[in-house]
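Take a look at the model below. The paragraphs after it walk through its features one by one.

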Amino acid sequence: CPDSDGDGIPDGYEVLNGMDPLMVSSSDDSDEDGLTDLQEYLIGSNPNDSDSDNDGMPDGYEVANGLLPLVSSGDFDSDGDGLNDSTEMSLGTDPRNVDSDNDGLPDGYEVTFGLDPLVSNSGLDSDGDGITDVDERLLGTDPMNPDTDSDGMPDGYELTNGLPLLLPFFGLDSDGDGLNDSAEFALGTDPRNADSDSDGMPDGYEVRSEERRVGKECSS
């Protein structure tokens, strides 16, 4: 009889791997890797080595996540999310799902920008610039920096007013009213409308007139 104790594991295999061929061990997990000794026998992994392929991931973890316990895949990125499989294991993310928390942001993207890949950021605006994290990814802006191009104007303000989000145009005067766009932001005027209050006088003219008036009062 090739299997004296009837546990599904041949006597020779048990002897070679330090098991007792006369004691049922099919449900034992000798190396505590999450796989029973019977499962290890069936898939060909080592019942006395929790990581048969030495890739940093226990055999049981690999089987549970659809990876191959006999092929070293620690450096593989099985789901193409920018994180290798062993990193996904350490983070607790799913190595077979590009977006573990299903928030529209790939795990690798979230890790790169300091977001939590296990907490949904759907609808969140982490940097408070008026653009959600999901839309920031689509636009190419930084979800953790309210002013990606460092031009003094928040990304959301630039998007709303049709200004470039990724190009720091210092001194740009989009509406030609004599005020650059960053000054319009500071004043609350419309950078795409030369006459924000529609009174017939360009914003820049009004600002300069007010500055002259204040200057005269101060000198007198």
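Glu32 counts as exposed in this predicted model, because its relative accessibility is 70%, and the cut-off for exposed is over 50%. Find Glu32 in the loop between H1 and H2. Its backbone deserves a look. Phi of Glu32 is near 55 degrees, a positive value in a residue that is not glycine. Most residues other than glycine have a negative phi. Ser198 also has a positive phi, about 55 degrees, and is not a glycine either. Ser198 sits in the loop between H8 and helix H9, which spans residues 203–219. With 62% relative accessibility, Ser198 counts as exposed.

Now step back to the whole chain. The protein chain has nine helices and zero strands. Read from the N terminus, its elements run α-α-α-α-α-α-α-α-α. What radius of gyration does the protein chain have, and what would a compact globule of 220 residues have? The chain has 32 Å, whereas the globule would be near 17 Å. Along the principal axes, the C-alpha atoms fill roughly 110 × 30 × 20 Å. Of the 220 residues, 36% count as buried. The chain exposes about 11500 Å², and carbon and sulfur atoms supply 54% of that area. Contacts can be sorted by distance along the sequence. Among those between residues at least 6 apart, 29% join residues at least 24 apart.

Next come the aromatic rings. How many aromatic pairs does the count come to? The count is three. One of them joins Tyr13 and Tyr41, with ring centres 4.9 Å apart. Their planes stand at 65 degrees, so this pair is edge-to-face; the cut-off for that class is over 60 degrees. Tyr13 belongs to helix H1, residues 11–16, and Tyr41 to helix H2, residues 37–43. The two are 28 residues apart in sequence, so the pair ties together separate parts of the chain. Tyr13 is buried, at 18% relative accessible area. Tyr41 is partly exposed, at 29% relative accessibility. Another pair is made by Tyr109 and Phe113. Here the ring centres are 4.7 Å apart and the planes lie at 45 degrees, so the pair is tilted. Tyr109 is buried, with a relative accessible area of 14%. Phe113 is partly exposed, with 26%.

Turn to the surface. Which residues form a nonpolar patch there? They are Leu68, Leu70, Val71 and Phe76. Together they have about 370 Å² of accessible area. Leu70 lies in the loop between helix H3 (59–64) and helix H4 (85–91). Its relative accessibility is 45%, and Leu70 counts as partly exposed.

Two asparagines in loops come next. Is Asn121 buried or exposed? Asn121 is buried, at 5% relative accessibility, although its place is in the loop between helix H5 (107–112) and helix H6 (133–139). Leaving out residues up to four places away in sequence, Asn121 touches Asp103, Leu105, Glu110, Leu115, Asp116, Ser126 and Asp133.

Asn161 is in the loop between helix H7 (155–160) and helix H8 (181–187). Asn161 is buried as well, with a relative accessible area of 15%. Which residues does Asn161 contact, leaving aside neighbours within four places in sequence? The partners are Asp190, Pro191 and Arg192.

The last stop is a glycine. Gly152 is placed in the loop between H6 and H7. Gly152 is partly exposed, with a relative accessible area of 45%. Gly152 and Ser182 are 30 residues apart in sequence. In space, their C-alpha atoms are 6.2 Å apart. Beyond residues up to four places away in sequence, Gly152 touches Asp147 and Phe185.

Key
Residues are numbered from 1 along each chain as its sequence is written. This is a predicted model: local features need pLDDT of at least 70, side-chain atom pairs count only at pLDDT 80 or more; totals for chains, interfaces and linings use all residues. Side-chain values use heavy atoms; hydrogens and water are left out. Rings of Phe, Tyr and Trp (its six-membered ring) pair if their centres lie within 6.5 Å; planes under 30 degrees apart count as stacked, over 60 as edge-to-face and the rest as tilted. Helices (H or I, at least four residues) and strands (E, at least two) are DSSP runs, numbered from the N terminus. Buried means under 20% relative accessible area, exposed over 50%, partly exposed in between (1.4 Å probe, protein chains only). Patches are made of residues with over 30% relative accessible area and no salt bridge: like charges are joined within 9 Å, nonpolar side chains (Val, Leu, Ile, Met, Phe, Trp, Tyr) within 5 Å. Accessible areas come from the Shrake-Rupley method with a 1.4 Å probe; for residues, only the protein chains shown count as cover. A salt bridge is a side-chain nitrogen of Lys or Arg within 4 Å of a carboxyl oxygen of Asp or Glu. Contact means heavy atoms within 4.5 Å. The radius of gyration is taken over C-alpha atoms; the globule rule is 2.2 Å times the number of residues to the power 0.38.
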